Amino acid sequence: MKDRLDGHTLLIGLMADPIRHSLSPTMHNSAFAKLGLNYAYLVFEIDNEKLTGAVDAIRTLEMRGSNVSMPNKQKVLPLLDKLDPAAELIGAVNTIVNDHGVLTGYTTDGIGFMQSLANAGLDIRGEKMTLAGAGGAGTAIGIQAALDGVKEISIFNRHDQTWKNAQRMTATINQKTDCHAVLFEITEQNAFKQEIASSMIYCDATGVGMKPLEDKTLVSDPAWFRKDMIVYDTVYAPRVTKLMTVAHAAGVKHVFNGLEMMLEQGAAAFNLWTGAKMPVDYIRKLLF
Ligand code: NAD
């Protein structure tokens, strides 16, 4: 990096807390180096309290932009000048682009999800999806899938603090896209089984399967899955989750963890900042 940075280097941030564990700096800085682009990507520990000052700094320091993550993805919205239509519907931002002082917010998680399927030659447009979890990731996935042409989404969520968001997301899909969404409580196990049975894709965006729930899955019976469907877990640590083990036992051909989604959400942000295509094959080998 020392050979790359000079007086013209443009800064891109990642504003979240906790965040030191993130793979994003390695992902983006390696891609900048590989393509000879004069940018640097740095992490800043920013909570809700420091967020206004941090967003002002994007303008003051003429940074090219920033990623934002928990706990700032919703809180950042009113601090920006413009929102990409998908980010507005999702109600969250993970990428900010600074065009000469005008800050625009985007959400690339859903784009990453859809791109990871496209990379595997899978097209879920016109199909039905069952989605577990309507928190940050679930909302981005559901709304992006609906915008991209998925025809039906059955959303299953707990009656917890994210229930209101699940209701809002379901209404948004029905009012603002051509997709039909229905919300169920995850305790409705018969409906859960039936909706998965009639779906081309089942996606778990709950984090069940990740620490401290590593040995858990919302679907434990392989009979709930068909060989010709897609089973997608947004979790990427561990690499093989309990849900994926169940899908493998059912002989499901297309089983995903969250790595490709993570890579592609980064690639989409990279493209927004630089206009260049991230060398994803190179980064995949480097990181995974
Ligand atoms: P969140 O807290 O915003 O939402 C969590 C959702 O899961 C909520 O709908 C909640 O009701 C549900 N949930 C939590 N525990 C549950 C349980 N025991 N049973 C049933 N439902 C439960 O979290 P998030 O930011 O949406 O993240 C969710 C998962 O997605 C995490 O595992 C995260 O690592 C993953 N994720 C992956 C990527 C990627 O690029 N691969 C990106 C973002 C998030």
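**Backbone features and ligand surroundings in a predicted model**

Glutamate 62 is placed in the loop between helix H2 (51-60) and strand E3, where helices (H or I, at least four residues) and strands (E, at least two) are DSSP runs numbered from the N terminus. The structure is a predicted model, in which local features need pLDDT of at least 70 and side-chain atom pairs count only at pLDDT 80 or more, while totals for chains, interfaces and linings use all residues. Residues are numbered from 1 along each chain as its sequence is written, and side-chain values use heavy atoms, with hydrogens and water left out.

The phi angle of glutamate 62 is near 50°, a positive value in a residue other than glycine. Most residues other than glycine have a negative phi, and most peptide bonds are trans. A cis peptide bond, with omega about 5°, joins methionine 70 and proline 71, and proline 71 lies in the loop between strand E3 (65-68) and strand E4 (82-83). The bond from lysine 211 to proline 212 is also cis, with omega near 5°; proline 212 belongs to the loop between strand E10 (201-204) and strand E11 (230-233).

The ligand is surrounded by 21 residues, of which the closest are Gly136, Ala137, Asn157, Asp160 and Gly258; a residue is counted here if one of its heavy atoms lies within 4 Å of the ligand. This shell divides into 10 nonpolar, nine polar and two charged residues, with Ala, Val, Leu, Ile, Met, Phe, Trp, Tyr, Cys and Pro taken as nonpolar, Asp, Glu, Lys and Arg as charged, and the others, Gly among them, as polar. Helix H5 (136-148) and helix H9 (259-274) each supply at least two residues of the shell.

A side-chain N or O atom of aspartate 160 is 2.7 Å from a ligand oxygen, a polar side-chain atom of threonine 162 lies 3.0 Å from a ligand oxygen, and a backbone N or O atom of glycine 135 lies 3.3 Å from a ligand oxygen. On its own the ligand has 850 Å² of accessible area, and the protein covers 78% of this, as computed by the Shrake-Rupley method with a 1.4 Å probe.

According to UniProt, in an unreviewed entry, the feature "binding site" is placed at Gly133, Ala134, Gly135, Gly136, Ala137, Thr234 and Gly258, although such annotations may be inferred rather than shown by experiment. Among these, glycine 133 lies in the loop between strand E7 (128-132) and H5.

Key:
Polar contact = N/O pair within 3.5 Å; in protein donor to acceptor, adjacent residues only side chain to side chain.
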